[in-house]
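User: I would like to go through this model with you, beginning with the contacts between chains. Could you set out the terms as we go?

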4 protein chains.
Amino acid sequence: MRRVIAKSFRSVLAERRIVRAAGAHDALSAILAQQAGFDAVWASGLGVSASCGLPDASLLTMRDYLAAAEAMQKRVSIPVVADCDSGFGDNRNVTYMVHEYEAAGITAVSIEDKEFPKMNSFVADRQTLLPASHFAARIETAKSAQASDEFFLIARTEALIGGLGIDDALRRAHLYADAGADGILVHSKAKTGAEVEKFLQAWDRPTPVIAIPTTYPDWSVKDAERAGTAMVIYANQGLRACVSALRGTYLAMAAQGSSASLEAGLAPLSEIFSLQRLAEWQQVRP
Amino acid sequence: MRRVIAKSFRSVLAERRIVRAAGAHDALSAILAQQAGFDAVWASGLGVSASCGLPDASLLTMRDYLAAAEAMQKRVSIPVVADCDSGFGDNRNVTYMVHEYEAAGITAVSIEDKEFPKMNSFVADRQTLLPASHFAARIETAKSAQASDEFFLIARTEALIGGLGIDDALRRAHLYADAGADGILVHSKAKTGAEVEKFLQAWDRPTPVIAIPTTYPDWSVKDAERAGTAMVIYANQGLRACVSALRGTYLAMAAQGSSASLEAGLAPLSEIFSLQRLAEWQQVRP
Amino acid sequence: MRRVIAKSFRSVLAERRIVRAAGAHDALSAILAQQAGFDAVWASGLGVSASCGLPDASLLTMRDYLAAAEAMQKRVSIPVVADCDSGFGDNRNVTYMVHEYEAAGITAVSIEDKEFPKMNSFVADRQTLLPASHFAARIETAKSAQASDEFFLIARTEALIGGLGIDDALRRAHLYADAGADGILVHSKAKTGAEVEKFLQAWDRPTPVIAIPTTYPDWSVKDAERAGTAMVIYANQGLRACVSALRGTYLAMAAQGSSASLEAGLAPLSEIFSLQRLAEWQQVRP
Amino acid sequence: MRRVIAKSFRSVLAERRIVRAAGAHDALSAILAQQAGFDAVWASGLGVSASCGLPDASLLTMRDYLAAAEAMQKRVSIPVVADCDSGFGDNRNVTYMVHEYEAAGITAVSIEDKEFPKMNSFVADRQTLLPASHFAARIETAKSAQASDEFFLIARTEALIGGLGIDDALRRAHLYADAGADGILVHSKAKTGAEVEKFLQAWDRPTPVIAIPTTYPDWSVKDAERAGTAMVIYANQGLRACVSALRGTYLAMAAQGSSASLEAGLAPLSEIFSLQRLAEWQQVRP
């Protein structure tokens with residue numbers, strides 16, 4: 001029995017008009033994302049920290065996020081795109097980060113133009129951006145650290161999150177693309193896709209642009225494709241579905257003193273076994 | 001801001017007529033189990049291995065299961081009962097296991113009378129039991145390895161799972177209790193609670209008895225209490241609820257090209273932040 | 001067989017006129033430090049990073065340093081004092097650090113008044129200190145994060161390392177002691193102990209003062225005690241001895257094509273077994 | 001700055017008349033082995049467990065041994081050959097082991113024909129061998145688990161260690177080679193190389209043979225090459241040199257109350273910095 005070997009993110013991006021990525025917080029959610037037909041997995045910093053019960057505020061270390069991303073990548077053949085926050089420190093940390101993620105078989109990572117430690121973009125807290133030139137130098141450093149041309153570096157700008165406006169987002173994205181970023185993630189917390197669409201209309205580089213429609217869920221894949229987006233990431237819906245399901249299930253069991261009424265809505269054990277690829281493992285004679 | 005300090009399992013057992021434990025597969029599910037009112041968390045071997053996309057067959061190591069249990073215990077104030085499979089090897093491994101779990105702040109563990117490597121009890125595969133005397137010696141070894149009287153060792157018999165019948169289950173449980181086990185987990189895959197009830201009727205020791213009504217969900221906490229059970233464990237319902245929710249959510253997003261229609265059913269980000277205790281962390285000025 | 005339970009650092013400090021700590025880079029070196037009679041182990045950041053072949057520049061994460069310190073503490077009954085660099089980020093990271101180290105059974109940690117990421121104090125590189133008031137607030141935050149009164153927080157000032165002079169070192173140390181630091185580590189790269197002695201002469205608080213005579217090895221424990229030092233740390237001599245020994249041994253084996261001429265100088269396997277406490281483990285019947 | 005990319009073991013074996021491997025217990029010792037001119041590093045199970053202060057008796061898990069081997073391989077460009085004991089369980093564990101080691105960039109592993117948990121070969125304890133046919137099937141399983149033809153599997157027979165004689169060692173080695181082993185490690189605790197030489201004289205397969213002259217250090221590389229050995233492993237001399245050096249250094253510091261008299265024999269800090277490749281890291285502007 002052989003292990004799963006994944007496609008690189010670059011190869012998937014080349015194949016698709018638009019890449020649809022689903023956020024995962026563990027290997028199990030990554031497997032289910034692949035089974036549902038997604039093209040890539042987003043190893044979500046919010047998801048991994050929430051799975052540990054800690055804020056998405058650089059409390060967990062690179063080691064933890066890497067372990068989570070690696071655990072996902074080992075179980076899916078679609079590529080994992082690792083959310084690497086602001087790069088875990090300074091340019092030396094970013095260099096080490098590239099070494100470690102690349103060695104672990106992760107073919108795409110995203111870093112954002114915020115200070116370390118970071119705070120989740122949707123939290124009302126300091127969202128201090130790095131000077132754009134500083135982050136552009138970080139991109140250069142990161143790109144010079146990769147061993148394989150296959151490695152894909154996403155520069156994520158938090159200019160819109162930080163309220164700096166589209167012009168600043170564009171200025172930053174241009175600098176980052178010119179510094180060698182392979183992709184630009186323009187993060188927005190607007191209620192509609194209009195902000196990101198404006199960005200895309202003004203975007204004049206070949207570097208692909210990525211969006212995360214968490215706060216503007218009405219903006220569909222078709223909308224995104226029409227606007228020229230290269231990838232959309234459904235970053236946290238899986239996590240949020242788990243929370244709802246867990247809360248409902250635990251509350252009902254606690255209230256009813258039994259799981260009987262819930263059984264029909266729960267995946268059977270046979271489905272768990274299948275997700276674990278048990279039958280394949282059982283073919284290995286002990 | 002201080003860390004969470006948990007109650008010991010022994011203290012919770014002493015306080016309750018019957019302890020209700022919910023299975024968790026990560027810290028997040030453990031937090032939700034506590035919030036729903038459960039008295040304890042079962043750090044499920046099936047759950048942890050499924051979360052990693054691997055069979056519940058001793059592929060993950062003690063290190064992995066311990067890390068998962070520890071991550072749970074750090075986020076809840078109810079005790080985590082760690083599913084330690086067959087003890088990860090021989091009696092020396094069990095000794096090391098007790099050292100490691102106790103040092104990590106886990107106050108209760110369960111080991112079962114099967115060989116290492118084990119296979120999940122609900123899988124049609126070899127379910128080879130250890131000779132009862134051999135496992136009784138293991139119990140003695142484990143108890144002599146604990147540093148604190150607070151540590152609680154559950155001896156789980158797979159006699160019913162292995163088709164050996166109630167008499168053998170009782171014979172084994174007596175041996176294990178006499179060897180120093182603090183609790184007896186009698187695992188059954190019957191469709192009703194009758195098998196476990198028969199066991200309980202014949203049980204004549206003060207050692208508390210524990211049940212896992214996975215295959216007999218109609219057997220309620222009231223039934224369990226009436227029959228003399230000290231703890232019921234809802235071992236995998238949370239995991240199975242997550243799988244259903246993830247599959248449904250990912251499939252719908254993939255089909256619809258958007259999460260718009262799902263949003264109402266997903267926990268909002270504010271709920272995620274609350275589970276991460278973000279407000280409390282934000283009170284620490286950076 | 002029970003695990004090793006260590007004394008707290010606070011209790012050892014109370015017992016001794018002067019505490020002598022030896023730097024360790026792994027559990028084995030910690031065991032040897034204890035066997036040689038040292039009162040405490042310094043889980044050296046330089047040592048742990050060197051053991052991994054990486055610079056002492058915050059490349060390894062808190063997770064790695066904690067794992068190393070924990071592995072040491074599990075094998076010795078003298079306390080491990082963990083070198084925690086500049087605290088791994090901001091005050092929230094320091095809070096998390098205190099939670100994690102305390103939960104792991106580490107009873108003393110040291111943080112220094114430099115920015116994250118840090119660079120080793122003996123390296124000619126930026127050694128940017130935090131504003132003293134900023135670091136004093138960090139000390140307060142750290143102290144408010146501890147769960148047990150037993151926890152001991154050392155505030156290390158790099159004022160002398162950074163060339164800011166004794167007056168600034170004293171000013172800082174006073175602020176840190178007033179903020180609640182349990183000990184002050186005054187680090188110096190002078191060639192003699194005179195600089196640290198001047199500091200000690202002017203020190204007028206009850207807070208114990210600690211020194212690391214790496215660059216002033218002629219300053220003996222007697223000198224340190226006479227000057228009023230509470231602890232001396234031999235931070236890296238063990239590591240440097242290993243490097244010399246490894247280089248010599250490997251070079252000789254490579255040159256001679258055999259280890260024959262070296263055997264007399266190598267610890268026999270029986271000594272390795274003894275350090276592993278093999279006989280005790282063998283008494284656990286498998 | 002790019003990470004170190006290592007040669008595969010197979011390529012090194014093809015280039016050399018005889019491969020000389022040095023045992024390492026951490027990345028630092030691996031780096032020093034490479035600098036001394038060795039062709040490969042042996043990630044020693046004894047060394048890694050001793051470094052953690054635990055017996056070489058399968059107490060540490062695959063996760064720990066893998067982490068140690070991976071940490072070494074990341075810092076050297078010569079290949080790491082990982083000592084994988086008896087394979088960490090049954091054939092499914094061996095399959096998982098191959099997946100994990102291969103994914104971590106380890107190009108050669110060794111498994112031995114003993115039961116799990118194992119005990120170090122030089123310890124007077126049970127040294128129960130698996131039936132040869134059982135271990136041959138394990139070899140087949142392991143080979144069918146590799147993803148790359150580059151992966152190299154060493155079958156280590158403990159027949160001589162277990163007192164079963166040369167005929168049995170040969171019988172087993174033949175079976176293992178026929179089952180697909182890429183190399184045969186014939187372990188011996190004789191005082192001279194005669195036993196291994198007899199084995200080599202009778203060996204009639206193309207599969208390369210490997211020796212570990214721990215107890216017969218007079219048997220030189222020249223002797224080994226003349227006898228037809230493909231690789232010699234100096235498995236534990238580095239570890240034993242460290243123990244001698246650490247003990248001597250700590251004892252002298254404790255007795256003298258200073259490191260002054262030892263300084264001349266200790267590697268200077270500049271040498272530590274060089275081993276950490278500090279200058280190269282400093283070229284990355286923060």
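Analyst: A salt bridge here is a side-chain nitrogen of Lys or Arg within 4 Å of a carboxyl oxygen of Asp or Glu. This is a predicted model, in which local features need pLDDT of at least 70 and side-chain atom pairs count only at pLDDT 80 or more, while totals for chains, interfaces and linings use all residues. Residues are numbered from 1 along each chain as its sequence is written, chains are lettered from A and ligands numbered from 1 in the order in which they are written, and side-chain values use heavy atoms, with hydrogens and water left out.

User: How many salt bridges are there between chain B and chain A?

Analyst: The count between these two chains is 4 salt bridges. One pairs the side chains of Glu263(B) and Arg240(A), at 2.6 Å from N to O. Arg240(B) also forms a salt bridge with Glu263(A), and the closest N and O atoms are 2.6 Å apart. Arg240(B) lies in helix H10 of chain B and Glu263(A) in the loop between helix H10 (237-256) and helix H11 (269-275) of chain A, so this pair joins two chains. Helices (H or I, at least four residues) and strands (E, at least two) are DSSP runs, numbered from the N terminus.

User: Are Arg240(B) and Glu263(A) buried or exposed?

Analyst: Both Arg240(B) and Glu263(A) are buried. The term buried means under 20% relative accessible area, exposed means over 50%, and partly exposed lies in between (1.4 Å probe, protein chains only).

User: What about polar contacts between chain B and chain A, how many residue pairs?

Analyst: There are 36 residue pairs in polar contact between chain B and chain A, both residues at pLDDT 80 or more. A polar contact is a pair of N or O atoms within 3.5 Å; within protein, one must be able to donate a hydrogen and the other to accept it, and residues adjacent in sequence count only if both atoms are side-chain atoms.

User: Which helix supplies the largest share of the side of chain B that touches chain A?

Analyst: That is H10(B), with 16 residues. The side of chain B that touches chain A divides into 43 nonpolar, 21 polar and 11 charged residues. In this division, Ala, Val, Leu, Ile, Met, Phe, Trp, Tyr, Cys and Pro count as nonpolar, Asp, Glu, Lys and Arg as charged, and the others, Gly among them, as polar.

User: And how much area do chain B and chain A bury between them?

Analyst: The two chains bury about 6,500 Å² between them, 67% of it on carbon and sulfur atoms. Arg240(B), Tyr250(B) and Gln276(B) supply 11% of the area that chain B buries against chain A, more than any other three residues. Buried area is the accessible area (1.4 Å probe) that two parts lose on being put together, summed over both. In terms of contact (heavy atoms within 4.5 Å), 75 residues of chain B meet 75 residues of chain A.

User: What rotation superposes chain B on chain A?

Analyst: A rotation of 180 degrees, with 0.0 Å of shift along its axis, superposes chain B on chain A at an RMSD of 0.0 Å. That is the relation of a two-fold axis. Copies are superposed by least squares on the C-alpha atoms of residues with pLDDT of at least 70 in both. Of the residues of chain B, Cys242(B) comes closest to the rotation axis, its C-alpha being at 2.4 Å. The copies meet through the same surface, because 100% of the interface residues of chain B are also interface residues in chain A.

User: Changing topic: how many salt bridges are there over all chains?

Analyst: A search of the whole structure finds 108. One of them joins the side chains of Glu112(A) and Arg156(A), at 3.5 Å from N to O. Glu112(A) lies in strand S4 (residues 108-112) and Arg156(A) in strand S5 (residues 152-157) of chain A, so the pair ties together parts that are 44 residues apart in sequence. Both Glu112(A) and Arg156(A) are buried.

User: Where is Glu102(A), and what does its side chain reach?

Analyst: Glu102(A) is in helix H5 (residues 91-103) of chain A, and is buried at a relative accessible area of 10%. The side chain of Glu102(A) reaches the backbone nitrogen of Ala147(A) at 2.7 Å and that of Ser148(A) at 2.7 Å. The residues that Glu102(A) touches, not counting those up to four places away in sequence, include Phe151(A) and Arg3(D).
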